[in-house]
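Welcome, and thanks for taking a look at this one. Below is a short tour of some surface patches, a strand pair and a helix.

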Amino acid sequence: HVSLTVSPVRDSLNQTIGISKIARDISQRIKMEQEIRQQVRERETFLATLSHELRNPLGAILNASRLVRDERTPLATRENAAEIIERQVAMTRTLLADLLDVSRIAEGKLDLKLEPIDLRALVDTVRETTQSEMTRHECALVYELGEEPLPLLGDATRLVQVQVNLIHNAAKYSPQGAPVTVKLSRDRDWAIIEVIDQGIGIPENQLENIFKPFVQIVESRLQRDGGLGVGLTLVKTLVEKHGGEVTAHSAASGTGSIFRVRLPLIPFAELEQFYQQQAQTAEPAPSPPVKPRRIVVVEDLDDSRQMLCSLLELDGHTVFAAADGESGFELIVRKLPDVALVDIGLPGKDGHEVARSVRESPEACCTTLVALTGYGQQSDIDKALSSGFDSHLTKPIHPDRLSELLSQLPLQAPKHATLT
């Protein structure tokens, strides 16, 4: 790309006696302009896709909620509608979690909790996590496992996420009824994960871009679950943070695709220590039954407050509620509950101020304080704990997580515990 300027050269009598030409190389500028235009197109496509992906579950939730409240709805239909609501909320939560992970990646804030694990030990968790998606696509998930252990240093949660995203991706691009095969094997010092499908395949010109954020195969946008195009970006980043690599292979359109992940195994010299740690790992003790508590809920959103109170009352707790920070603090001091669930983003006196005030109160200082917030990064957790909270729950709060936390908390002398 060249910018050419042509000018006449004149003599003292203003007669044209020649031509001046100046050529400037503007390749870099053109490249930057093209990249900016491409980013704008990708942003617009992403926003349109996000709108579509959120409208689908929200529409299903709205219709299902109307069925639940209609007196004419048979009991079986109500139960099915409740399952639909729970499933669609879980899908929406997954979308938001993926977006937050992409944001953390961009900011360099995605950390791993590495520990020795056998890659084969994650199979049951992956099966359980992908079951509903595979059932919806009428696809079978087939695992092929070798007999040899695959010990590595990894973050179990993130390695499950890698396999789940690859399996969901395979099911999304596969015809209904087609199997998705996952092979776990060893190649010298590497653990190999292969996810193989019989779907539409990947065009050759898209293989290089398939792991970029918000990139999708064109055909997927015609399907009912195109997704946001961030799953493979997360896979690539998580695998590379484990010291591995991921590649995509596809022979031709309609022949399926293979995603291959390579992860470094623990060196042979460290295997004995690994097996000793595995042998010492005991089965987790079942959670004790939840004891009835006196609980104060401080939440400014009416619907969230009412639903949370109702869930707690179903478990036999005595619940008191407030809609703002000032009245919430007064309610805690007056009722002296065992536990107070306090939203951070309250009008007026926010959750941090409520916590500090409670800790300064002689009457209520021993109340266990649990922060409720949509912000779940480590800095948010640290800020909540430094304000006086004993634990932190990230919204949307899963009822099982809340029950687990309540079962672990003592009635007095609260201990720090964090679930996100």
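Here is a briefing on a predicted model, grouped by topic.

**Negative patch**
- A patch of negative charge on the surface brings together E79, E83, E86 and D400.
- Helix α2, which covers residues 75-106, is the main contributor to the negative patch, giving three residues.
- E86 counts as exposed because its relative accessible area of 54% is over the 50% cut-off.

**The β1-β2 hairpin**
- Strand β1 (residues 2-10) and strand β2 (residues 16-25) run antiparallel and are joined by nine bridges.
- Across this pairing, L4 faces A23 of β2.
- Five residues lie between the two strands of the hairpin, and N14 has a positive phi near 65 degrees.

**Nonpolar patch**
- Strand β1 supplies the largest share of the nonpolar patch, with three residues.
- V6 is part of strand β1, and its relative accessibility is 48%.
- That value places V6 in the partly exposed class, because exposed residues need over 50% and buried ones have under 20%.
- In a regular strand, side chains alternate between the two faces of the sheet.

**Helix α5 and what follows**
- Which residues of helix α5 (residues 231-241) are buried? They are L232, T233, L234, V235, T237, L238 and V239.
- After α5 comes G243, which has a positive phi near 80 degrees.

How values were computed: Residues are numbered from 1 along each chain as its sequence is written. This is a predicted model: local features need pLDDT of at least 70, side-chain atom pairs count only at pLDDT 80 or more; totals for chains, interfaces and linings use all residues. Side-chain values use heavy atoms; hydrogens and water are left out. Patches are made of residues with over 30% relative accessible area and no salt bridge: like charges are joined within 9 Å, nonpolar side chains (Val, Leu, Ile, Met, Phe, Trp, Tyr) within 5 Å. Accessible areas come from the Shrake-Rupley method with a 1.4 Å probe; for residues, only the protein chains shown count as cover. A salt bridge is a side-chain nitrogen of Lys or Arg within 4 Å of a carboxyl oxygen of Asp or Glu. Lys and Arg count as positive and Asp and Glu as negative; His and the chain ends are not counted. The place of a charge is taken as NZ of Lys, CZ of Arg, CG of Asp or CD of Glu. Helices (H or I, at least four residues) and strands (E, at least two) are DSSP runs, numbered from the N terminus. Buried means under 20% relative accessible area, exposed over 50%, partly exposed in between (1.4 Å probe, protein chains only). Two strands pair if DSSP finds at least two bridges between them.
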